[in-house]
Amino acid sequence: MQKVWPLIGLALLWVGACGRGPASPPPSASPTGIPSGPIPSPTTTPLRPSPTPSTPSASPSPSTAFRPRVEVVATGLEVPWALAFAPDGRIFVTERPGRIRVIENGRLRPEPVAVLPVAATGEGGLMGLALDPDFPRNGYLYVMYTYRAGNALRNRISRLTLRGETAGEERVLLDGIPGAGIHDGGRLAFGPDGKLYATTGDATQRDQAQRLDSLAGKILRLNPDGSVPADNPFPGSYVYSLGHRNPQGLAWHPETQQLYSTEHGPSGEMGLCCRDELNLIRPGANYGWPIVTGIAGDPRFTDPILYSGENTTWAPAGMDFVTGDRLAPWNGHLFFGALRGQHLHHVILGPDGTTVIFHEALFQGVFGRIREVKMGPDGYLYFTTSNRDGRGRPGPEDDRILRIVPGP
């Protein structure tokens, strides 16, 4: 791994608008070089408060006096969607066209450990990845991907077994989840309770998000063997929460164990724009889509604790909390990637976890579209670019996995 540049100008910006970029170049077989010169840091601008149920602090950014740096971990990837860390130091990463890659001893292996028959259409393809809590013993990897069923698209959650340098023996745990070229959800994560959680989008069928007999527009909760947990909020159902448009991130607070999720707001449906959300997820709660969006104040639904407003789009993606001493000034803070917003969003929660007391946008426009954000067992914060997904402007090294480390 190699240093790229120090974080001198941390951008603090409340960002906006969606769009489509040029087509991605063909994938590289393995990472190539690392930039020899620094990329200019973003200009620091004041944080503008967004319309949230809490007012961001007017005090200086807590990142101003903290000057970590960013290192390149791997380059030449094609739409890296999810990261998972093994106890022995290996990093597993999914690429949306269907490959599971491995970084070992600081190098990206040229050959994938698995290639899955996905339908990499639009936002669909190989998405979520999670390692079993007992991965060193059983070698189980859990994936979520889009596939073609006749003329329709569907999503499934499967379990693979890693033996040596190959992952196979697929066992389908949950099949037939509605899929589409957009709004597929796709995030997988094990909770502190040992259950497997999955996000699903509305697959462009927005009314399905309100139906308990549909798996679309939900956060799901499974036992690791694919069965329904006995203590799920709706008996006999995988549904943990409903009323979601396109949730893309899952993370648990390291102390309170509260679950949070990021969610994409509307991009034209019903004449609405923006309204991206950070939600505190409660079992059985209804988050309102498509009946309400943003801060609605409707007692039937649960409002987000932070949203982007009616004119600004973040397109929030993967998320995680910083833990440990290596990034001590950020310990306990939440970070999520912004795709259209092209930044890393930094959130400080209040003691009860239900309010946002400060938030800011970091690296505005420096790395392009940021998808996955994951705390590594080494104490560093990892994130991935998603500039080759058809909506970004890829550079010669994209897509990349990067990490934030102490500096200088």
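**Figure 1. Antiparallel pairing of strand 20 and strand 21.** Strand 20 (316-321) and strand 21 (334-338) run antiparallel and are joined by four bridges. Strands pair here if DSSP finds at least two bridges between them; strands are DSSP runs of E with at least two residues, numbered from the N terminus. Leu 334 in strand 21 is the bridge partner of Phe 321. The model is predicted, with local features needing pLDDT of at least 70 and side-chain atom pairs counting only at pLDDT 80 or more, while totals for chains, interfaces and linings use all residues. Residues are numbered from 1 along each chain as its sequence is written, and side-chain values use heavy atoms, with hydrogens and water left out.

**Figure 2. The hairpin of strand 21 and strand 22.** Five bridges connect strand 21 to strand 22 (residues 343-349), and the two run antiparallel. Opposite Leu 334 stands Val 347 of strand 22. Four residues lie between the two strands of this hairpin, and Gln 342 in the turn has a positive phi of about 55 degrees.

**Figure 3. Burial of strand 21.** Five of the five residues of strand 21 are buried, meaning under 20% relative accessible area with a 1.4 Å probe and protein chains only (exposed is over 50%, partly exposed in between). One side carries Leu 334, Phe 336 and Ala 338, the other Phe 335 and Gly 337, and both faces are covered.

**Figure 4. Aromatic pair of Phe 66 and Trp 330.** The structure holds 12 aromatic pairs. In this one the ring centres of Phe 66 and Trp 330 are 4.9 Å apart and the planes stand at 90 degrees, so the pair is edge-to-face. Rings of Phe, Tyr and Trp (its six-membered ring) pair if their centres lie within 6.5 Å; planes under 30 degrees apart count as stacked, over 60 as edge-to-face and the rest as tilted. Phe 66 belongs to the loop between strand 1 (2-6) and strand 2 (69-74), and Trp 330 to the loop between strand 20 and strand 21, 264 residues apart. Phe 66 and Trp 330 are both buried.

**Figure 5. Aromatic pair of Tyr 142 and Phe 190.** With centres 5.1 Å apart and planes at 75 degrees, the rings of Tyr 142 and Phe 190 are edge-to-face. Tyr 142 lies in strand 9 (residues 140-149) and Phe 190 in strand 12 (residues 188-190), so the pair ties together parts 48 residues apart in sequence. Both Tyr 142 and Phe 190 are buried.

**Figure 6. Arginine charges over aromatic rings.** The charged end of Arg 156 sits over the ring of Tyr 147, 3.7 Å from its centre. A charge sits over a ring if NZ of Lys or CZ of Arg is within 6 Å of the ring centre and within 35 degrees of the ring normal. Arg 245 lies over the face of Trp 289, at 5.7 Å from the ring centre.
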